[in-house]
Amino acid sequence: MTDTILVVDDDLGIQKQLKWSFTDYNVVFADDRTSAIAQLRRHEPKVVTLDLGLPPDPANASEGLKTLEEIIALAPRTKVIVVTGNNDKENALKAIDLGAYDFYQKPIDSDTIKLLVNRALNLANLEHQNRILAKARPAMGRIIGNSEAIQAVMRKAEKIAGTDISTLLQGESGTGKEVFARSIHEHSPRKDKPFVAINCASIPENLLESELFGYEKGAFTGANKTTLGKIETAQGGTLFLDEIGDMPIGLQAKMLRFLQERVIERVGGRTEIPVDIRVICATHRDLQQMVADETFREDLYYRVGEIPIFIPPLRDRDQDIILLARTFLNTYREEFGAKAKSFSDTAIQAMLNHKWPGNIREMQNKLKSAVIMAEGSVVQAEDLGLMAPRGDNEPETLNLREVREMAESRAIRRAYQTADKNMSKTAELLGVTRPTLYSLIDKYHMEDIKTGV
């Protein structure tokens, strides 16, 4: 997409000169402070050239400096190049203090101003890419997501990573609880020690105790040698107890003693063995209800959940659905040597409409299948095994105005996500102009889109 430059100058001759200088860019013009701010809001230019001598006081720089202050306040990342009279160095330096990127003194030389603008645009684009990378690759590096829901969880996880406090990860199956546990471990002082995971629901009750605590030789039939349990093998590192809600009530008492005393006894043993590990637990069950039903020990609940973290389901992470899908597409394309490189519009709409009951695990399975099954370079909805729902989301209201508002709001949000939050592309997909799109966003109070959340 062509970058936009805003030229603020009341001299028509200079406007024409700059228009011909910037033929590679989309150039818009303003001739006073009011029109400059209007153009700034409408076009979101990355670079502004601003003549400080603006009406109603073109002989002085006061109006130009006020305009500069407003631009910086509204769009602090915009690069502003101020243009001054050839002997007005004082105001040029004042403009730099106020936040201008650079200054240029008249008379205007096309090659020089073009060089300054190109440098400013390159810097603006580089900063933009850095912001995207910083957001997409936060400190919890395994976690992918820009939505506020997942960002809030990541901030909480980052804060506790450097401590040894017991953490309980709660959320539906497939939301990524083990991924979060590994990220916490990898950003902790124990990162160079083992990360040992055990699923309490996948091991028979009569074997789970020996799996966790180990056993001495001769402790039971078949115990031919002393064997360390998962707890001991995690020495110095992190033990991840997945689905702790499925731990048998009889074993919970022994687990509580270990968490309180940090010592264990192997099955068939009599010696207390000190253990230094961090414990992270996870469950998809409602442990509070299980405590009320007396199927989970209350004292153990408070011991494992010193800090609980709820991981939101994928259906509550609208902004992340396409980001995750594209990430998995790239991964599986390389893994399977497939041709698929992108999604069709219908595939994107189908993914946004789907409720994802299996969450991220379901998405991964569908993407693996789609990458293999896709006939060409574009993944279709059929390849994903998804179809856009028909009639499932019929509005309850019969008021035509409300129905229209709901439909337009939903269409704007989907176009915004499809266009990777690019406002020009969003307007193009919707078949409206950018000013119309901004008016609709204001009309429907879509603050998250206005602020780029």
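Leaving out neighbours up to four places away in sequence, glycine 64 is in contact (heavy atoms within 4.5 Å) with Leu50, Asp51, Leu52 and Leu54. This glycine is found in helix H3, helices being DSSP runs of H or I with at least four residues and strands runs of E with at least two, all numbered from the N terminus. At 0% relative accessibility, glycine 64 counts as buried; the label means under 20% relative accessible area, with exposed set at over 50% and partly exposed in between (1.4 Å probe, protein chains only). Aspartate 32 sits 32 residues away from glycine 64 in sequence, and their C-alpha atoms are 8.5 Å apart.

A word on the source: the model is predicted, so local features need pLDDT of at least 70 and side-chain atom pairs count only at pLDDT 80 or more, while totals for chains, interfaces and linings use all residues. Residues are numbered from 1 along each chain as its sequence is written, and side-chain values use heavy atoms, with hydrogens and water left out.

Most residues other than glycine have a negative phi, and most peptide bonds are trans. Proline 55 and proline 56 are joined by a cis peptide bond with omega near 15°, and proline 56 belongs to the loop between strand E3 (47–51) and helix H3 (62–74). Another cis bond runs from lysine 106 to proline 107, with omega about 0°; here the proline lies in the loop between strand E5 (102–105) and helix H5 (110–136). Positive phi values turn up as well. Glutamate 243, not a glycine, has a phi of about 55° and is placed in the loop between E8 and H10. With 9% relative accessibility, glutamate 243 counts as buried. For tryptophan 356, phi is near 50°, again positive in a residue other than glycine. Tryptophan 356 occupies the loop between helix H14 (345–353) and helix H15 (359–373), and at 0% relative accessibility this residue is buried.

Next, the nonpolar interior. In soluble globular proteins, nonpolar side chains tend to be buried together.

Isoleucine 244 touches Leu168, Cys200, Cys281, Ala282, Thr283, Leu287, Phe296 and Val304, not counting residues up to four places away in sequence. Cysteine 200 is buried at 2% relative accessibility, and cysteine 281 is buried at 1%. Serine 166, in the loop between helix H6 (148–161) and strand E6 (167–170), is also buried, with a relative accessible area of 4%. Beyond residues up to four places away in sequence, serine 166 touches Arg262, Val279, Arg303, Val304, Gly305, Glu306 and Ile307.

Finally, helix packing. The axes of helix H13 (residues 318–336) and H14 come within 9 Å and cross at roughly 130°; axes are lines fitted to C-alpha atoms, for helices over the stretch in contact, and angles run from 0 to 180 degrees between N-to-C directions. H13 and H14 are therefore oblique to each other, as angles under 35 degrees count as roughly parallel, over 145 as roughly antiparallel, 65 to 115 as roughly perpendicular and the rest as oblique. Their crossing is right-handed, meaning that the near helix is turned clockwise from the far one by less than a right angle, with anticlockwise giving a left-handed crossing. Asp318, Ile321, Ile322, Ala325 and Arg326 of H13 meet Ile348, Met351 and Leu352 of H14. H13 and H15 have axes that come within 9 Å and cross at roughly 45°, and this pair is therefore oblique. H13 passes H15 in a right-handed crossing, with residues including Phe328 and Tyr332 of H13 and Met363 and Leu367 of H15 making the contact.
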